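Please look through the sequence and the model shown below before reading on. The explanation after them goes step by step and can be followed with the structure open.

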Amino acid sequence: MDTSQYLGIFVDEAKEHIQNMNEGLLALEQDPEDESTIEVIFRAAHTLKGMSATMGFDSIAELTHAMENVFDKIRHAEIKVTPETMDTLFKCLDSLEEFLAKVANGEEDYPDVEGLISDLQARLEGRAEAAAIAEEDLAVPGAEEADDKARAEEAALLEPILLGADTLREMQEEVQKGLIPLQIKVTLDENCVLKSARAYLVIRNLEERGQIVKVVPPVEELEEEKFDLSFELVYLSYLNKPEVRSVIENISEIAAVDIIEYPLADKAKAGAEADKPEGSEPSQVETDEYKKETPHQDKGRDHKSSPLHKSKVRQTVRVDIEKLDGLMNLVAELVINRSRLAQIGVDNNQAIFNETIGELAQITTDLQSLVMKARMVPIDQVFNRFPRMVRDLSRELGKEINLVIEGAETELDRSVVDEIGDPLVHLLRNAADHGIEPPEERERLGKPRSGTIKLSARHEGNQVVVEISDDGAGIDYDKIRRKAVQKGFITEDEANNLTNEEAAKLLFKSGFSTAEKVTDVSGRGVGLDVVASKIQALNGTVDLESELGKGSTFTIKLPLTLAIIQALLVKLGKNEVYALPLENIEEIINITKDELKSVQGQKYILYRGQVIPAIDLSELFEVPDAVEHDQAKRTMVVIKAAGRRLGLMVDDLIGQQEIVIKSLDNLIKDVEGFAGAAILGDGTVSLILDVLEIAAIQKRLAKETGEVQEAACTRE
Amino acid sequence: MENLQIVVFKVGGLEYAVGIEQVQEIIDRVEITRVPHAPGFILGVFNLRGKIVPAIDLLVRLGLGSTSQDAQIIVEVSTENHTVGILVDDVIETTEVPATDIEPPSVMIGDGNQKYLKGIVKKGNRLMSLLDLDALLSKEDSAYTGERQVS
C-alpha cells in the first residue's frame with residue numbers, strides 16, 4: 001500500500017498523541033494513582049503503535065509497543081511510577097518527536113531507539129521479575145492472570161449500561177411492541193487503523209435496522225477515536241442476537257462481538273436509582289438527548305439524525321497552512337484592489353458605482369475577517385510544551401517549580417504563534433534560572449518551598465498580551481547599575497541617574513547577564529536581547545516589572561496578525577507618501593516655529609511638559625522636492641516607540657487606510673527606517689515607517705551631532 | 001557547443017544581455033517609489049501585480065554614470081535570491097548566440113567591471129556585455145553601498 005499520501009496526516013496525528021502522552025505523564029507524575037490518566041496515555045501509545053505500524057515505521061511501532069507494555073504494567077499496578085521510569089518514558093517521547101521531525105522533513109536517518117527499548121524492557125523485567133518478556137506483554141504471568149480474570153468476568157455478563165428513567169420507560173413501551181432490547185459490546189481488531197470509521201460502520205449498519213438507544217463511550221468520543229478497542233451500545237430492534245451478530249460481523253476488522261439481552265426488568269429500579277445523586281451523570285445527560293432524538297427516529301431513521309451526524313462537536317477539516325497563506329494573500333490583493341476601486345469611485349463620483357464599491361468593501365471586510373479567523377490558532381500550541389520543559393528545568397536546576405498556565409485558549413494568528421515560541425522559552429528559562437530561588441533559600445526567606453511561574457495570555461483590544469511572572473528573587477536594580485558600569489555600558493554618573501525603568505531596559509541589551517554563575521540554562525549573556533529583537537520584529541513590545549524579593553513580570557504585547565494594519569498616510573515633500581502604523585501614533589498636533597527648539601543641532605519640542613526629540617522626516621529622508629514652510633505652523637505626528645515619544649514633522653496628512661504589509665526585497669532589507677511596503681489605492685508603492693528604527697536613527701544622530709559639537713568645543 | 005538564448009537591451013548607449021531564462025518579463029515603466037538611504041543603484045521599488053520589486057540603475061551599479069530619466073522600459077529579471085527590475089532605454093532583441101562567440105570578460109575590459117560580467121558576446125560588429133546577475137546583486141560587494149553619481 002502506498003501510504004505516502006497519508007504522511008502529513010500521520011505526522012499531525014502522531015504529534016497530537018505524543019503531546020497527549022506528554023501531558024498525561026506530567027499529570028501521572030503528580031498523581032501516580034490516577035487511573036484515568038494512565039488510561040489516556042495507554043490509549044495514545046496504543047493508537048500511535050497501530051498508526052506507525054500501518055505506515056511502515058517499525059521502530060516507532062516497536063518503541064511505542066515497549067512503552068505501552070510499561071504503561072500496561074503501571075495500569076495494573078505491577079510496577080511503580082518512579083522518577084527514573086518517568087525520565088525514561090520522557091526520553092522515549094523525545095525520541096519519538098525527533099523521529100517524527102525526520103519523517104516530516106523527509107529525512108531517513110531515524111534516531112536509534114534500540115537503547116530506549118532495551119531500557120524499557122529492563123524496567124519491565126526488573127519490576128515484574130519475569131524470566132523473559134515475550135513480544136506480547138500479556139505473556140507475563142502476572143498480567144495473564146489479571147487478563148484471564150477480566151475475560152472471565154466479561155464472558156459471564158456485560159455490565160449493563162445505566163440508562164435514565166425516561167429512556168427506560170420509552171424502551172419498555174417499544175419492547176411491548178415486540179422489539180428486542182440488546183446490549184452489544186463490539187471489540188475491534190487490534191490492528192485496526194481507522195477505528196472511528198469502523199465504529200461508524202457498526203453504528204450505521206445497526207441503525208439501518210433498528211434504534212440505538214445509547215453508546216458508551218459517547219459517539220463524539222468514538223468519532224475522535226477516544227476509545228481503546230471496544231465500545232458498547234444498547235440497541236432496540238426486531239432482530240435477535242444471532243441476526244445482530246451477523247450484521248456486525250459482516251464488517252471487517254471486528255475482533256469480537258458480545259451480546260446480551262438488555263435486562264430491562266431489572267433495570268426498572270435502576271432507572272429510579274439514576275435520579276439519586278450517585279446515579280451516573282452521563283446517563284442523565286443522555287436521557288435528554290435521547291428524547292430529542294426520538295421524534296426523528298420514529299419517522300424513519302434518516303442518516304442526518306444518526307448519532308454520528310448530530311454530534312455537537314463542530315465539523316472540522318485539516319487545511320494545509322500553505323493554502324491558508326495563499327488565501328490570505330489573495331484576500332490581501334482584494335483589499336488592495338478594493339482601495340483602488342474606491343479611489344476610482346472618488347475620482348469619477350458616480351453614485352451607482354460608489355454604492356457597488358461600498359458593498360464590495362463590506363464583503364471584502366467580512367471575507368478578510370473570516371480568513372483571519374481561519375488562521376487563528378490557540379496559543380496553547382506553543383504553551384503545551386512548557387509544562388514538560390519546566391519539569392525538566394526544575395529537575396536540572398534542583399528547584400521546585402510550579403507552572404501555572406492561564407488563557408491557553410487565547411487565539412492569535414498562526415504566523416505569530418510560530419514566532420513566539422523561542423522568546424517565551426528564553427523568558428521561562430530565565431524565570432526558572434534567575435528568578436526562582438533554590439528551595440532551601442526560599443524556606444529561609446519565608447516563602448513556600450516551590451516557586452511559581454505563571455504564564456498567561458489574553459486579548460486586549462487588537463493585541464494579545466502574554467505575561468510571564470515568577471514569585472522569585474526579583475531584580476536588583478542596583479546590581480544592574482553596577483554591572484552596567486562594570487561592563488562599560490554606562491558611566492558611574494549615568495548609573496546614579498538611571499531610573500529603575502531605564503535600568504530594566506539595560507537587561508535587554510546584548511551582552512548583559514547578571515547571573516552570578518553561568519549555568520547550563522541561562523547566563524551566557526544571550527537571551528533577553530534576542531527576546532527583545534524577536535518581539536520587535538513581530539511588531540510587539542516587551543516590558544519588565546520587578547520587585548526585589550517578590551518576583552518579576554515580563555509583559556509581551558503582540559499584534560493579532562502581521563499582515564494587515566491600520567495606517568496613517570502622510571505626505572513628505574510634494575509627492576512622496578509614507579504609511580505610519582496607527583498603533584504607534586499617540587497624537588497629531590500643530591506646532592509653531594517658536595515651539596521648535598534647537599539644541600546642539602537637534603530639534604526638540606515641549607510636549608505635555610516633556611521634552612521630546614522632533615524629526616523633520618523630509619530632512620531625514622532627503623526628500624527631493626521639499627515643501628517650503630514659510631507659514632508658522634507645521635503638522636507633527638507624535639509617536640510612541642519602545643516607551644519613548646518622538647515628534648515626526650510631516651508635510652501633509654492624507655488619511656487613514658487599511659494597508660497590507662508586504663516585505664521588502666533582501667537588497668533593501670538593511671535600509672533602516674522601514675518595516676515594509678504597501679500598495680496604495682492608485683497602485684503605487686508606499687513605504688511603511690518603522691518607528692522603532694526611526695527612533696534609533698534619531699538617537700544615533702543626536703549622539704553623532706553631540707560628539708561633533710563636543711569635538712568642536714575642544715578644538716576651540 | 002550549445003547555443004545561448006539571450007535578451008539584449010540598451011542602456012546609456014551600450015548593449016547588455018542576460019540569459020533568457022533569467023528574464024521574467026518586460027514591462028512599461030511604472031511609478032517607482034524612492035527608498036531613502038538605499039544603496040545608490042537602487043532607484044526604488046515598484047508594484048508588479050502585488051509584488052514589491054526593487055528597480056535598479058545598471059549604470060550606477062557599474063559605475064558608468066546613471067540611466068537616463070527618460071528610460072521607459074523595465075526588464076524584470078530573477079536570480080535565486082532576488083527579483084529586480086532593470087531600467088533600460090530600449091529592448092533590442094531576443095537572439096541565440098553560439099557559446100563560442102562569448103569571450104571571457106577579462107580579455108576585453110579592464111575597468112573593474114569584469115566581475116559583473118559573464119562574458120562579452122560578439123555578434124557581427126556588435127559587442128554586448130553578458131551580465132552576471134548573481135554578482136551584480138550580491139550584497140557582499142563593496143560597490144553595493146556606493147552613492148549614486150549625480151548626472
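The model is a predicted one. Chain A has 716 residues, and 46% of them count as buried. Its secondary structure comes to 26 helices and 22 strands. How far apart in sequence are the residues that meet in chain A? Taking contacts between residues at least 6 apart in sequence, 70% join residues at least 24 apart.

One buried residue of chain A is Arg634(A), which has a relative accessible area of 9%. The cut-off for buried is under 20%, so Arg634(A) falls within that class. Arg634(A) belongs to strand β18, which covers residues 633-641 of chain A. The side chain of Arg634(A) is joined to that of Asp616(A) by a polar contact of 2.8 Å.

Next come the aromatic rings. A pair of aromatic rings is described by the distance of the centres and the angle of the planes. Over all chains, the count is six aromatic pairs. In one of these, Phe57(A) and Phe99(A) have ring centres 6.3 Å apart and planes at 75 degrees, so the pair is edge-to-face. The angle matters here because planes over 60 degrees apart count as edge-to-face. Which parts of chain A does this pair tie together? Phe57(A) lies in the loop between α2 (35-55) and α3 (58-75), while Phe99(A) lies in helix α4 (residues 83-105), so the pair ties together parts that are 42 residues apart in sequence. Are Phe57(A) and Phe99(A) buried or exposed? Both are buried.

Another aromatic pair is formed by Phe383(A) and Phe386(A). Their rings are 6.2 Å apart centre to centre, with 40 degrees between the planes, and the pair is tilted. Phe383(A) and Phe386(A) are both buried as well. Returning to Phe57(A) and Phe99(A), ring pairs link these two residues and Phe10(A) into a cluster.

The interface between the two chains is the next topic. The size of an interface is often given as the accessible area lost when the parts come together. For chain A and chain B, the area buried between them is about 2000 Å², with 63% of it on carbon and sulfur atoms. Counted by residues, 25 of chain A are in contact with 25 of chain B.

Across this interface there is one salt bridge. Arg34(B) forms a salt bridge with Glu576(A), and the closest N and O atoms are 2.7 Å apart. There are also six residue pairs in polar contact across the interface. On the side of chain A that touches chain B, at least two residues each come from α14 (321-348), β13 (576-581), α25 (666-669), β21 (674-679) and β22 (685-689).

Two details of chain B remain. Thr83(B) is in strand β7, which covers residues 83-88 of chain B. Leaving out residues up to four places away in sequence, Thr83(B) touches several residues, among them Asp665(A), Lys51(B) and Val53(B). The side chain of Thr83(B) also makes a polar contact of 3.0 Å with the side chain of Ser78(B). Elsewhere in chain B, Arg61(B) lies over the face of Phe41(B), at 4.6 Å from the ring centre.

Technical notes:
Residues numbered from 1 in each chain as written. Chains lettered and ligands numbered in written order. Predicted model: local features only at pLDDT ≥ 70, side-chain atom pairs only at ≥ 80, totals over all residues. Heavy atoms only, no water. Phe/Tyr/Trp six-rings, centres within 6.5 Å; stacked < 30°, edge-to-face > 60°. Helix = DSSP H or I, 4+ residues; strand = E, 2+ residues; numbered from the N terminus. Buried < 20%, exposed > 50% of the residue type's maximum accessible area, 1.4 Å probe, protein only. Lys NZ or Arg CZ within 6 Å of the ring centre and 35° of its normal. Polar contact = N/O pair within 3.5 Å; in protein donor to acceptor, adjacent residues only side chain to side chain. Contact = heavy atoms within 4.5 Å. Buried area = accessible area lost by both parts, 1.4 Å probe. Salt bridge = Lys/Arg side-chain N within 4 Å of Asp/Glu carboxyl O.
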